[in-house]
Amino acid sequence: MNIGNLVGICILFLLIGYLIGSILFGLIISKIQGIDIRKLGSGNVGATNVTRNLGKISGGIVMILDFFKSWIATFLCLVIYKYLKSSIGSELDYSNAGVIVYLGGFSAVIGHCFPVSYFYALFKFKFNFEIAKKYSGGKGVSSAAGFAAAISPWFFFICFILFWTICLLSRYVSLASIITASFLPVWVLVPHLDYFYILDTAGADIIKNFPSFNNPFIVSQIFNYDNNAKFWYIVVIFILEFLVANLVVYRHKENIVRLIKNSENKIKLNIFKNKK
């Protein structure tokens with residue numbers, strides 16, 4: 001195995017994902033409407049703050065775009081990997097190294113939370129974190145969801161159901177985000193979940209049939225892990241999801257304080273209003 005080339009490809013994937021994640025769609029959508037979302041509400045550029053200040057349509061658009069940042073980053077790294085994998089070594093070598101495509105989606109979540117603008121402001125204002133904070137990104141929930149979807153559609157489905165169940169019962173978006181994020185690495189360890197390895201058979205078919213996308217959702221390991229479900233896939237994905245979960249929870253530290261003090265804002269739902 002050519003370790004140098006492998007490390008170089010890993011760095012490339014991390015860079016690609018980070019740059020894609022650094023695109024702050026919340027800020028772009030607000031600027032299009034002649035508003036700076038960073039000056040409204042919590043000042044966050046994520047979908048929740050956009051929804052509260054610019055409406056559900058704008059918030060929904062931001063949520064979808066943020067979601068696809070990490071998914072597209074993973075898919076783009078897959079495409080590039082198909083062309084560069086031979087530089088790693090033998091067929092066995094690059095087959096075992098295929099899990100590195102997930103570095104793109106992982107890095108996109110980091111870029112979404114701490115974009116290029118954040119580090120630029122950090123250096124510009126001599127490491128004044130309070131000022132640099134104003135140039136940071138979202139809290140990573142939508143991007144983390146996109147990363148989960150890149151790993152497995154069923155994995156994402158579980159997270160989706162859990163998030164909205166907690167959200168509707170508690171009416172706290174932050175609480176739903178924190179709990180759902182905390183469980184991200186847990187689902188990876190459940191052996192009977194059906195994984196969709198984007199770098200496996202399905203990924204190969206997508207590339208081969210692009211742009212027709214014939215039968216893209218070929219899933220592997222329907223009932224349990226076996227020799228083909230590489231153990232290190234599980235380990236690497238667990239580590240990446242563990243880091244993503246901790247990042248999302250960390251980004252909600254102020255929300256956690258407000259939840260403890262019972263001063264966190266609740267979402268408004270018509271079904272909770274008293275009927276006259």
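Asp66 pairs up with Lys69 in a salt bridge, with the closest N and O atoms 3.5 Å apart; the term here means a side-chain nitrogen of Lys or Arg within 4 Å of a carboxyl oxygen of Asp or Glu. Both residues sit in helix H4 (residues 56-84), three residues apart, or about one turn of the helix. This is a predicted model, in which local features need pLDDT of at least 70, side-chain atom pairs count only at pLDDT 80 or more, and totals for chains, interfaces and linings use all residues. Residues are numbered from 1 along each chain as its sequence is written, and side-chain values use heavy atoms, with hydrogens and water left out.

**Overall picture**

- The chain has 15 helices and zero strands; these are DSSP runs, numbered from the N terminus, with helices being H or I of at least four residues and strands being E of at least two.
- Of the 276 residues of the chain, 46% count as buried, where buried means under 20% relative accessible area, exposed means over 50%, and partly exposed falls in between (1.4 Å probe, protein chains only).
- Take the contacts (heavy atoms within 4.5 Å) with a separation of 6 or more: 72% of them are between residues 24 or more positions apart.

**Salt bridges**

- The count comes to five salt bridges.
- Glu254 and Lys133 meet through their side chains in another salt bridge, at 2.2 Å from N to O. That pair ties together distant parts of the chain, 121 residues apart, with Glu254 in helix H15 (residues 253-260) and Lys133 in helix H8 (residues 129-133).
- Glu254 counts as partly exposed at 39% relative accessibility, and Lys133 is also partly exposed, at 40%.
- Asp36 is buried, with a relative accessible area of 14%, while Arg38 is partly exposed at 27%.

**Largest pocket**

- The largest pocket holds about 1300 Å³ of space. Its 48 lining residues include Ala47, Thr48, Met63, Phe163 and Val173 as the closest to its centre.
- How is that worked out? On a 1 Å grid over the protein atoms alone, a pocket is an open set of points with protein on both sides within 12 Å along at least five of seven lines, whereas a cavity is a set where a 1.4 Å probe fits but cannot get out; lining residues have an atom within 4 Å of a point.
- For the volume, grid points are joined across faces, edges and corners, and the space counted is what is filled by probe spheres set on the points.
- Helix H3 (47-54), H4, helix H9 (141-151), helix H10 (153-170), H11 and H15 each give at least two residues to the lining. H4 has the largest share, with eight residues.
- The lining splits into 21 nonpolar, 19 polar and eight charged residues; nonpolar covers Ala, Val, Leu, Ile, Met, Phe, Trp, Tyr, Cys and Pro, charged covers Asp, Glu, Lys and Arg, and the others, Gly among them, are polar.

**Helix H11 and Ser177**

- Seven of the ten residues of H11 are buried, so this helix is largely enclosed by the rest of the structure. The buried ones are Val173, Ser174, Ala176, Ser177, Ile178, Thr180 and Ala181.
- Among the elements covering them are H3, H9, H10, helix H12 (184-188), helix H14 (231-251) and H15.
- Ser177 lies in H11 (residues 173-182) and is buried at a relative accessible area of 4%.
- The Ser177 side chain reaches the backbone oxygen of Val173 at 2.8 Å.
- Not counting residues up to four places away in sequence, Ser177 touches Val141, Phe163, Val248 and His252.

**Ile9 in helix H1**

- Ile9 belongs to helix H1 (residues 3-21) and is buried at 5% relative accessibility.
- Leaving aside neighbours within four places in sequence, Ile9 is in contact with Leu84, Ser87, Ile88 and Ile100.
- Ile9 and Ile80 are 71 residues apart in sequence, with their C-alpha atoms 9.2 Å apart in space.

Definitions and conventions:
Polar contact = N/O pair within 3.5 Å; in protein donor to acceptor, adjacent residues only side chain to side chain.
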